Structure formats: C-alpha cells, structure tokens
Amino acid sequence: MIKPSIYGLTLDQMGAWLEEKGHKKSRATHVWEWLYRRRVTEFDQMEEVNKECLQLLSDHFSIQTLTEHTRQESIDGTIKFLFRLSDGNLIETVLMRHKFGLSVCVTTQVGCNIGCSFCASGLLKKSRDLSSGEIVEQIMKVQLHLDSMGTGERVSHIVVMGIGEPFDNYQNMSDFIRVVKDHKGLAIGGRHITVSTSGLAGKIKEFADSDLNVNLAVSLHAPNNDLRTRIMKINKAIPIEKLMDALEYYWDKTNRRITVEYILLKDVNDQPEHALELAELLKHRRNLAIVNLIPYNPVDEHSQYQRSEKDSITSFYDTLKKQNISVSVRLEHGTDIDAACGQLRSKQIKKDVDGSREKVLS
C-alpha cells in the first residue's frame, strides 16, 4: 500500500489528526518546523519530537513520494524537473529565475482533459488528479535542490500553470495553497501565487468566494466563440459569455486584477481585428484586467500552428495599448529545453514506449 504524502496535511488537519490519535494537537507545529523550516527528508531526523508520535506519522505517511527522473537546465537558468510519482506516473515542475525572485510552476494532474489544440500537456489524457501532498512536494523538491546549492536562495513565487487544469482538481489545489501560504511553513504570500484556469466558470465563482486570496489567470486565447471553440474545445461547454459572467462575479466579489493569457498563433488569432475584438471584450473592466501575450512554443504534434512573427506581436500589443488595455508580453524561459508545458513528459513516455516495443521485437 502506498502511503500518502505528509505534505498534504494543512497545519490544522495535522493537529486534528494527531489529536484524534491521542496525541497533543500542538505537536503538529513541531513537525511542521522540521518539515518546512529545517526541511528534513526522513521522520527519524526530527529531533526533540515525541518518538511515539513520529512512529505514528511514519506508519501512516511518507515524506518522499516523488523521485527525480530527469532534470534539464537552460542557459537562462530555468530548470525543468521530471518527477516520477510513487505509482510510476511522470509529472513536470519548472523553476524559473526572474528579477523579482525564483518562481516554480507546479503540475496538478497527470495528463489533461481540457484538450486545447495547441498544447503539449493535453497530448496525454488525464489519468488522475495529484494529491495536495504531491503538489506541495514539487515545491519542496525544488527548494531542497536550491538548499543543496548552498546559495541561501528560496522559492518566492508559485504559478499553478503546469500539466492539468487546477480547477478540475479544486480541493487538492486549495489545500496546497493553504499549506504553502501558512506563515509557520513556507510562508509564501498570496500575492506571489497565481492559479491559471482554462475557464471553468463555476469554479471561478467558488474561487472568488474562497479565503485563498491568491492571483487568478485565465487562458482566453481568442476574442470570440467561433475562434475559441476551434482551438479550445472547452469553449463548447463554457462559451465566452458564460466565462465573462464568472469573471464579472470574481471582479465584483474580490476587486482583484485578473491576468488574461493569450497565446499568439500565426495567422490564427494574431491579427489587428482580433486585438480590437479583445479590447472590446475587456473594455468595461480594463482597470482590472491585464492581457499577457504569450509567444507560442511549437509542438511537433501540433504542426498546424506556428509562432507569430515579431511584427505581428508588436502590432497586437500596440493595438491593445491604443485601446487603453493593460498588456505585457511574457518573457520566455527555457526555450532550449522543451519549453512547452508537457513536452518533456510526453517525450519521455514516448521513449519508454518505443523502448518497450524494441524489447518485445527483440
């Protein structure tokens, strides 16, 4: 039987669990100190913690459920980790260096069912959700790597933009955020955490009503239903009108700014008329929306798409600016190491499958 990750418990949940098992609730704080501040990797490294309590935790939980399978390092300092889960599945986690700090992009599902036609993550269908502990452990593995370098650096920002749709794994994603935000743990502030969704309207409203208080990004990628349905099949179930209604609810409830993500695909959604249509869509909330233009990372399996020309990107940007829409162009990270989300995983699985075929044939 595979034991769940201890990182999946919030401080309150751990305290309640220990109390239920006959231990002092306060011992959870001591365990958290060793997990998140001293970052031990084995229970027996937790000195001065009640031995009976440690044995109980060891019997029911694991500290290490991820193992590093592959690591790729870019010339710009980006590091992409391919982790193997305890059930053998593979996931990706990416460390990115910015002027403002170190950001980690985490994965929330094994595969993805959203099926965006330009995305490498959706090449392999969802097989399961990650537990909250498996999501937290991605941060811990990256932080342990940084610790091993001896530079004193720490993870300062988190983007929930890896493989999978975070809002399709809502509860585990929420528990993950509560763990990494807790001031007795990693203490990563809510304004340094961004969750990206393809547009699950009902969950956006639930997110607005929650106490998570982190940033929201929405993958729009097209300014009208016909075009968005062509490239994002989720738009059939949740058209732009329904998505915008959810965003209006979010804005009214939180008064927080939303990042609107827009991947630029050559001759598909990158023309001036698309920029004007996008500006019209956002004009009533232009002070609470910022458009993030994303240069496309080509994927072999999606050869129908190409990256927009620099002139087209500049023109799209300028058109939005003239319409008083806040807009930025995303800085690229790791373009030399399978930059598209999901590429490293899908290539490794293909290699594993091809290797198995070779063994069978021989």
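Which residue in β10 is the bridge partner of Ala-217? Keep that one in mind for the second close-up; every view here comes from a predicted model.

**View 1. The open sheet, strand by strand.** Ten strands make up this open sheet, and the pairing is mixed. Read across, the order goes β1-β2-β3-β4-β7-β8-β9-β10-β11-β12. At the edges you'll find β1 (67–73) and β12 (326–329); each has a single partner strand, so one side of each is left without a neighbour in the sheet. On average, neighbouring strands are turned by 25° against each other, direction ignored.

**View 2. β9 beside β10.** Here's the answer to the opening question: Ala-217 has Thr-259 as its bridge partner in β10. The two strands, β9 (residues 215–219) and β10 (residues 258–264), run in the parallel sense and pair over four bridges. In general, strands of a sheet pair through backbone hydrogen bonds, either parallel or antiparallel.

**View 3. A helix lying across the strands.** Helix α11 (residues 310–322) lies across β10, β11 (289–295) and β12. Against β12, helix α11 runs at about 160°.

**View 4. Two loop residues with positive phi.** Neither of these is a glycine: Asn-213 has a phi near 55°, and His-221 has one of about 65°. Look for Asn-213 in the loop between α6 (201–209) and β9, and for His-221 in the loop between β9 and α7 (225–231). Which of them is buried, and which partly exposed? Asn-213 has 48% relative accessibility, so it counts as partly exposed. His-221 has 4%, so it counts as buried.

View 5. Phe-207 belongs to helix α6 and Tyr-250 to helix α9 (residues 240–254), so the pair ties together parts that are 43 residues apart in sequence. Both Phe-207 and Tyr-250 are buried. Widen the view a bit and you'll see a cluster: ring pairs link Phe-167, Tyr-170, Phe-207 and Tyr-250.

**View 6. Charges over rings.** Two examples go together here. Arg-38 lies over the face of Trp-34, at 4.1 Å from the ring centre. In the other, the charged end of Lys-205 sits over the ring of Tyr-249, 5.8 Å from its centre.

Definitions and conventions. Residues are numbered from 1 along each chain as its sequence is written. This is a predicted model: local features need pLDDT of at least 70, side-chain atom pairs count only at pLDDT 80 or more; totals for chains, interfaces and linings use all residues. Side-chain values use heavy atoms; hydrogens and water are left out. Two strands pair if DSSP finds at least two bridges between them. Axes are lines fitted to C-alpha atoms, for helices over the stretch in contact, and angles run from 0 to 180 degrees between N-to-C directions. Contact means heavy atoms within 4.5 Å. Buried means under 20% relative accessible area, exposed over 50%, partly exposed in between (1.4 Å probe, protein chains only). Rings of Phe, Tyr and Trp (its six-membered ring) pair if their centres lie within 6.5 Å; planes under 30 degrees apart count as stacked, over 60 as edge-to-face and the rest as tilted. A charge sits over a ring if NZ of Lys or CZ of Arg is within 6 Å of the ring centre and within 35 degrees of the ring normal.
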